[in-house]
Amino acid sequence: MKKYVSLALCSMQNTLAYRLSFILNFVANFIGLIAMYCLWQAIYTGRAELSGFTWGQMQSYLLITFFVNSMLSYYSESSITNKIIDGSVMMDLLRPIQFQKARLAESLGSCVLEGLLSCLLIGLAAVFTLGIQLPNDAATLLLFLFSMASSILVKFGIVYLSALLCFWTTSGFGIYWARTSITNLLSGALVPLAFFPSWLQSTAMLLPFQGIVNTPVTIGLGMTEGIEALRLIGIQWVWIVLLWLLGKWMWSGAVRQITIHGG
Amino acid sequence: MSLIETKGLRKVFRQAVKEPGLAGAVKHLFTQRYRDKSAVEGIDLTIEEGETVAYVGPNGAGKSTTIKMLSGVLVPSGGEIRVDGLVPHKQRMENAQRIGAVFGQRTQLWWDIPVRESLGLLRDIYQVPPETFKRNMDAFTELLGMEDFLHLSARKLSLGQRMRADLAAALLHDPKIVYLDEPTIGLDVAVKHRIRDFIKEMNRNKGTTMLLTTHDLGDIEDLCERLIIIDQGRIIYDGKLREVKDAFARERTIHMQLSSPIPEAESLFRDLPDVRVVRPAEDQGASSLSVRFDRFRCTASDIVKRLMNRGEVVDFRIDEPSIEEIIRRVYEGQLDSESLLLAGRGSA
């Protein structure tokens, strides 16, 4: 266990080494947030509510989505794909560590910094807007925070699986774009799932992506409560376990596949 | 049981066959054809604990592939493999704990954190006890001269520094076996020496078994008693370095400095087979003379004696062909592999 903690710490250090590009990446995302904010503001003019969302809720929605999307950013994702593409995965195979656990540890390590930085930006944003609506009662707040943490693990599962696809494609960028757009759409990061036509909404609920944004956001906004919230978190964990096992299975297939260049 | 044992070890890579040009590339999108490329075919290896073995062969002979299979990174296509009683690709974690590896073309250090931190991280990964870590760090820092760059991140190191740091990283957890894949590639003479001394030291003091591939014949002569030559995925020689020299380096050259020229020195050796007299082109005074002969057909003393009868020999030295010369001839196919194998067996 200690080795994975050390890997996580090292990954934090690594992220700090690239602080400039890390921060620029963040700023770019933040500008995206501002654009979304203006867009929704225009949509809400003259309206009190849209598909059950008030303008105040929508603002919180945007901020929470920004937070969740900032975790496991392009930065950690590309570090997994690059390992596979440039063949340095071999160096990992030489060590007594498990690839999947090591990648999780590293991703969580950079998540700490990503989390801190986004909290800072969100705090800043909240001051200038209506602020962020957080659950009033402690139980819901706890559920919200727990579902946020779980959403990172769901996202890791998806990111890891898509990164492993690089074993078969030898290029990572296309996979990254495909992964991002599918995730953004089906998680509710772009538009809340409640705005979808019902068939798309019910399809999205059957997939793991909704666990990334929809679950924490609806719990945080108090749209799902009590048993229903617990059920959504339960679904998140079913996906976390399933994606982890799928990742394990795919990895063992990939290892058989590798023919590291320059052998 | 030996420390490393393989029987009939094979590795076949699947290569995509693409037809030339755009049309070929488009065609490849729909129908993929593959060709099997055999990198290693049927390698039998037995390496005992504490040995230092040079594993040489031309580019693409299958050296790195063998090492990758031994270290558990590649899954063999066939044959048996046991390293310290383990099957590396099946018991990868246990095997990884006992081995160290340096791949000259890649680093195992973290690119963006100081070398010292990288080594600290490896300490945690390999669960090296604190006393061992401290002892090894102190020893390695001194032996490899790492003091100057421990605080730098790997990306800032020169090649020689990086290679030294990589060696330290590979040996930090006191592995039983170390695989060195071209550990001195592209290094200057001073660093090469340092690295060779370090490897020797580790082998002598800790009994670490070393298997190294190299194109640098200085590495082989300096470090290894045993030589394995492979070509096209097969072992063509396995035996003592000394014996391959005896078998194929039959030719000797005596260079002599004479007090006065000996005219028609050639006539002295007319009755001896395969003796040739070579006069250095720049020395027309002929007070120096070289004689080339086969040491199994006549002796050096016979040659020198005949010359001493005719004049005074001021100084002389004997040259033997370098291992480089021999291996070059093997690569070029001038020495056929059957006679090499015979030489190897003779030594066993």
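Mentor: Domain bounds here come from an automatic or database domain assignment. For chain B that assignment gives domain 1 (47-224) and domain 2 (250-319).

Trainee: What separates the C-alpha centres of domain 1 and domain 2 of chain B?

Mentor: A distance of 47 Å. Keep in mind that this is a predicted model, in which local features need pLDDT of at least 70, side-chain atom pairs count only at pLDDT 80 or more, and totals for chains, interfaces and linings use all residues. Residues are numbered from 1 along each chain as its sequence is written, while chains are lettered from A and ligands numbered from 1 in the order in which they are written.

Trainee: Why does the radius of gyration of chain A agree with a compact globule?

Mentor: The radius is taken over C-alpha atoms, and the globule rule is 2.2 Å times the number of residues to the power 0.38. For 263 residues the rule gives a value near 18 Å; chain A has 19 Å, so the two agree. Along the principal axes, its C-alpha atoms fill a box of roughly 65 × 40 × 35 Å.

Trainee: What makes Ser51(A) exposed?

Mentor: Count the other C-beta atoms, placed from the backbone, within 10 Å of its own: 20 or more is buried, 12 or fewer is exposed, and in between is partly exposed. Ser51(A) has 11 such neighbours, so it is exposed. Ser51(A) sits in the loop between β1 (49-50) and β2 (53-54) of chain A.

Trainee: Why is Gln232(B) called partly exposed?

Mentor: Gln232(B) has 15 C-beta neighbours inside 10 Å, so it falls in the partly exposed class. Its phi is also positive, near 50°. Its place is the loop between β8 (226-231) and β9 (234-240) of chain B.

Trainee: How many residues of helix α4 (115-125) of chain B are buried?

Mentor: 8 of the 11, so the helix is largely enclosed by the rest of the structure. Among them are Val115(B), Leu119(B), Leu122(B) and Ile125(B).

Trainee: Which elements do the buried residues of α4(B) pack against?

Mentor: First, the rule: two residues are in contact if their C-beta atoms, placed from the backbone, lie within 7 Å. The partners are α1 (2-17) of chain A, plus α5 (130-143) and α6 (159-171) of chain B. Just after α4(B), Gln127(B) has a positive phi of about 50°.

Trainee: What share of the contacts in chain B joins residues at least 24 apart?

Mentor: 74%, among contacts between residues at least 6 apart in sequence. In chain A, 81% of such contacts join residues at least 24 apart.

Trainee: Where is Leu217(B), and why is it partly exposed?

Mentor: Leu217(B) belongs to helix α8 (217-223) of chain B. It has 17 C-beta neighbours inside 10 Å, so it counts as partly exposed. Leu217(B) and Ser322(B) are 105 residues apart in sequence, with 8.9 Å from C-alpha to C-alpha.

Methods: Helices (H or I, at least four residues) and strands (E, at least two) are DSSP runs, numbered from the N terminus.
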